[in-house]
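Colleague: I'd like to learn how to read a structure like this one. Could you walk me through it, step by step?

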Amino acid sequence: MITVLILMVAGILAGLWLGKFPSIMKVNDRLISWAIYLLLFLLGVGVGTNKAVIQSLDSIGLQALLLTIGALIGSIGMGWVIYRAFFHLNNH
């Protein structure tokens with residue numbers, strides 16, 4: 001856990017320094033995107049090699065679908081509430 005915290009602090013400090021160089025930040029954005037793609041691929045490999053997950057994919061899939069729909073409805077609902085409470089301009 002301490003390694004994660006040290007890396008996070010090091011990243012924050014590097015970001016503060018590198019933020020002064022817009023060309024480096026563009027490259028950084030691309031690297032972040034590719035790192036996310038790689039992590040998603042490796043997650044898929046990990047799921048694909050896990051026999052227990054593959055055998056129970058039908059029940060896990062339904063639960064994942066329900067969680068996704070619930071998260072989507074909750075996000076849209078809270079976005080609407082926050083918009084109405086803080087950003088909606090009343091034209092009267």
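Colleague: Is L7 buried or exposed?

Modeller: The general idea is to look at relative accessible area, where exposed means over 50%. L7 has 58% relative accessibility, so it counts as exposed.

Colleague: And what about the rest of α1? How many of its residues are buried?

Modeller: Zero of the 17 residues in α1 are buried, so that helix is hardly covered. As for its length, α1 reaches 24 Å from its first C-alpha to its last, close to the 24 Å expected at 1.5 Å a residue.

Colleague: How do I think about directions along a helix?

Modeller: An α-helix has 3.6 residues a turn, so residues three or four places apart point the same way.

Colleague: Which other elements are there, and in what pattern do they follow along the sequence?

Modeller: The protein has four helices and zero strands. Reading along the sequence gives α-α-α-α. The radius of gyration is 21 Å, well over the 12 Å that the globule rule gives for 92 residues, so the protein is more spread out than a compact globule.

Colleague: What does the C-alpha trace span along its principal axes?

Modeller: About 50 × 50 × 25 Å. Take L7 and L39: they are 32 residues apart along the chain, and their C-alpha atoms are separated by 18 Å. For G74 and L13, 61 residues apart along the chain, the C-alpha separation is 35 Å.

Colleague: Where is G74, and how exposed is it?

Modeller: G74 is found in helix α4. Its relative accessible area is 37%, so G74 is partly exposed, which is the class between 20% and 50%.

Colleague: Which residues make the nonpolar surface patch?

Modeller: The patch is made by I32, W34, I36, Y37, L40, L43, V47, I54, L57 and I60, and covers about 970 Å². The elements giving two or more residues to the patch are α2 (22–49) and α4 (57–87). Helix α2 has the largest share, with seven residues.

Colleague: How far should I trust the coordinates?

Modeller: Check pLDDT. Where pLDDT is low, the predicted coordinates should not be read in detail. Here the protein averages a pLDDT of 90, and 96% of the residues score at least 70.

Colleague: Which helix has the lowest mean pLDDT, and which the highest?

Modeller: Helix α3, residues 51–55, has the lowest mean at 86, while helix α1, residues 2–18, has the highest at 94.

Terms used:
Residues numbered from 1 in each chain as written. Predicted model: local features only at pLDDT ≥ 70, side-chain atom pairs only at ≥ 80, totals over all residues. Heavy atoms only, no water. Patch = residues over 30% accessible without salt bridge, like charges linked within 9 Å, V, L, I, M, F, W, Y side chains within 5 Å. Areas by Shrake-Rupley, 256 points an atom, 1.4 Å probe, with all protein chains shown as cover. Salt bridge = Lys/Arg side-chain N within 4 Å of Asp/Glu carboxyl O. Rg over C-alpha atoms; globule rule 2.2 N^0.38 Å. pLDDT = per-residue confidence, 0-100. Expected span 1.5 Å × (residues − 1). Buried < 20%, exposed > 50% of the residue type's maximum accessible area, 1.4 Å probe, protein only.
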